[in-house]
Structures are given as C-alpha cells and as structure tokens.
Amino acid sequence: MAMNDFKVEVDSLKFVGEGLNRPECVLCTANGAIYTADWRGGVCQILPDGRQSWILANDCSFDFKPNGIALEETGHFLIANLGADGGLYRLSRQGELEVVADVIDGEKIPPANFVMKDRYDRIWLTVSTWLRPRSRGYRKDVADGFIALIENKEIKIVADNLGYTNEVKIDPSGNWLYVIETFGRKLSRFALNKSGVLGKKEVVTEFGEGIFPDGLAFDCEGGIWITSIISNRLVRIAPGGTHQLILEDLDHDHVNSAEQAFKAGVLDREHLDKIRSKKLKNVSSLAFGGKDLKTIYLGCLLGDSLATFSSPVAGVPPLHWNYC
C-alpha cells in the first residue's frame with residue numbers, strides 16, 4: 001500500500017504487554033526487546049516471546065515518576081523524572097539510581113519531560129514548564145518550557161520560551177534538533193552544529209483543533225510521525241508538509257470540551273485523565289520496531305499495554321537500536 005493511502009482502523013489494532021503503569025515512553029531495539037517507562041519507579045522490559053520484567057529503583061525515597069527514558073550503550077537508562085522533585089536520573093540494570101542533573105542555573109530542575117542521548121554522548125533534556133502544578137502551563141499564552149544540554153557533566157539551557165516542551169529528537173541528517181511544543185501546538189526545529197550550538201527556532205508546522213502534539217519519530221522516507229494526546233490521533237507530516245491522519249480514536253464531545261477549555265485558558269487534568277475512546281488510552285509517543293522497523297508501538301498515559309500495528313514505511317533506526 002502506498003503511504004499516501006495508508007490509514008489504520010482502531011479495531012485492527014493489536015496490543016502488547018499487560019499490567020504496565022503509565023507507559024508514556026516506548027523504546028524498541030534490534031533484538032526485539034521493548035522498553036517502557038513505568039511509574040512504579042523504573043522501566044518495564046517486554047521480550048519478543050511476551051515475557052515481562054521490571055527494572056525498578058531499589059531505594060527511592062523521593063517522588064520518582066519516570067516519563068521519558070533513553071537507553072544507553074551500557075544498558076543503563078536515563079530517566080526524566082516527572083515527579084515533584086524533578087531532575088534527570090540514571091537507573092542501572094541492578095536498580096541502582098543516581099542523579100545525573102537536579103539543578104540548573106542555581107534552581108532545582110522542575111518535573112522533567114523527556115530525555116535523549118546523541119551520537120556525541122551529549123544528553124538533551126526537556127522541561128515543559130516551570131509552573132506548579134504543571135497544568136498551569138496548559139495554555140496557549142504560556143511559553144516557559146526549555147531544552148537543556150548536558151555535556152561533560154555540565155548542564156545549561158540552550159533553548160527556552162517554548163510552549164510546553166515535550167519530545168525532542170535529532171533528525172537523520174544530524175543537522176536539526178526537532179522539538180514538540182504541546183500547548184504551543186507546534187513542531188519546531190533548531191539548526192544544530194557538531195558543537196551542540198543551536199540556531200534560531202524555526203516553526204516546521206502548526207496544528208489545529210483536535211491535535212495536542214506529544215511524541216515524534218522519523219521514517220525512512222522523510223516523514224515525521226506525531227502523536228496527539230486527548231484526541232488519540234497519529235499524524236504523519238510528509239516531506240512537503242502535508243498532514244496525513246493515520247489513526248484516531250476519540251469522543252468528539254470530549255475533544256470539543258477540551259478545545260473550549262483550551263481557548264478559555266482553563267484546560268486542566270480532567271481533560272487529559274478522563275478521555276473517552278474506543279481502545280486507545282491517551283496516546284503519547286511512538287516507536288518503530290520489529291526486524292524491518294515497520295512495526296509501530298504506541299506509548300500512552302492511561303493504558304496498561306501498548307497498541308501496535310504495521311506500517312508500509314520503515315522507521316529510521318534510533319541510536320539505541322543495537323543496544324541490549
């Protein structure tokens with residue numbers, strides 16, 4: 001099937017995993033293993049034969065709620081902590097937890113959203129908002145999110161004034177850093193040089209009603225796949241900029257209610273935590289997996305398993321693809 005004609009029906013979805021706890025972020029590797037964030041304090045591993053195991057922090061005396069996760073070559077995980085204490089942590093396979101960064105510019109790092117490691121061993125961390133509770137940042141007139149860069153154990157803010165910073169990814173060329181602005185309703189990017197210096201922000205595309213972008217992934221044909229919370233939508237941005245709706249599972253009344261609340265500046269947790277849908281549970285991220293990188297797995301905020309389907313186009317292998 002040609003990519004332009006591709007659409008997924010909700011009833012055709014399959015599901016992987018069980019008993020997961022807020023699997024917001026999902027990673028896939030070449031050996032068939034799948035990893036998801038788990039709010040019990042770590043990561044869940046799902047093997048190709050369906051067996052599951054958990055890698056949880058042994059001793060966690062603070063509010064540790066894994067959101068974005070990144071797999072390192074050592075097999076350890078970098079974890080963006082969405083708990084009240086915020087910060088970035090490293091979790092070993094043995095459950096040992098260490099602080100990677102918890103202070104920036106003399107201030108405690110707020111609840112952190114996403115983390116990514118690049119080919120130069122640099123770490124990119126996003127924070128959606130400085131506001132507490134975070135729901136105060138669910139507004140179109142709030143833009144206090146930022147991207148931080150950690151290199152040689154030093155951390156600095158490299159981009160700020162973003163509209164609720166979410167996932168950040170470097171494109172296959174290595175020349176651009178893409179970032180989701182969830183409540184800015186934008187996909188933006190920065191020119192990126194080898195030293196990690198960012199250029200001026202460029203808006204790649206903006207999203208209209210029913211789309212609150214969250215996660216992104218690149219395919220091998222130059223497309224960018226975007227997940228949307230609240231509406232359970234999956235959209236592909238073609239190289240020419242065209243938006244293609246791949247999947248949706250929504251209740252129109254609920255989405256309309258969320259839209260009205262967003263326009264009035266009163267969008268709140270109830271609009272994210274009480275969605276109505278057929279099967280999907282507030283889709284937040286995606287990852288290409290399978291031997292041919294043509295199987296898509298969807299992370300979510302409210303479910304206990306991962307929705308999956310086959311794509312006619314393969315994804316771009318992530319940096320961690322050959323890690324164990």
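At 60% relative accessibility, Cys-324 counts as exposed in this predicted model. The sulfur of Cys-324 lies 15 Å from the closest cysteine sulfur, which belongs to Cys-28, and this separation is too far for a bond. Cys-28, by contrast, is buried, with a relative accessible area of 4%. A search of the whole structure returns zero disulfides. Cys-28 accordingly takes part in no disulfide, and the cysteine sulfur nearest to that of Cys-28, found in Cys-25, is 10 Å away. Because a disulfide requires two cysteine sulfur atoms within 2.5 Å, the 15 Å between the sulfurs of Cys-324 and Cys-28 rules out a bond for Cys-324.

Aromatic contacts were examined next. The structure contains 14 aromatic pairs. Ring pairs join Tyr-138, Tyr-164, Phe-183, Phe-212 and Phe-262 into a cluster. One member of this cluster, Phe-212, also has a charge over its ring: the charged end of Arg-185 sits there, 4.1 Å from the ring centre. A charge is likewise placed over the ring of Trp-39, where the charged end of Lys-65 sits 4.9 Å from the centre.

One cavity of 30 Å³ or more is present in the structure. The largest cavity holds about 130 Å³ of space. Its lining comprises 15 residues, and those nearest the centre of the cavity are Arg-22, Asn-113, Arg-134, Asn-166 and Asp-214. By residue class, the lining of the largest cavity consists of seven nonpolar, five charged and three polar residues.

Conventions. Residues numbered from 1 in each chain as written. Predicted model: local features only at pLDDT ≥ 70, side-chain atom pairs only at ≥ 80, totals over all residues. Heavy atoms only, no water. Phe/Tyr/Trp six-rings, centres within 6.5 Å; stacked < 30°, edge-to-face > 60°. Lys NZ or Arg CZ within 6 Å of the ring centre and 35° of its normal. 1 Å grid on protein atoms, 1.4 Å probe; cavity = no way out; pocket = protein on both sides within 12 Å on 5 of 7 lines; lining within 4 Å. Points joined across faces, edges and corners; volume = space filled by probe spheres on them. Nonpolar A, V, L, I, M, F, W, Y, C, P; charged D, E, K, R; others polar. Buried < 20%, exposed > 50% of the residue type's maximum accessible area, 1.4 Å probe, protein only.
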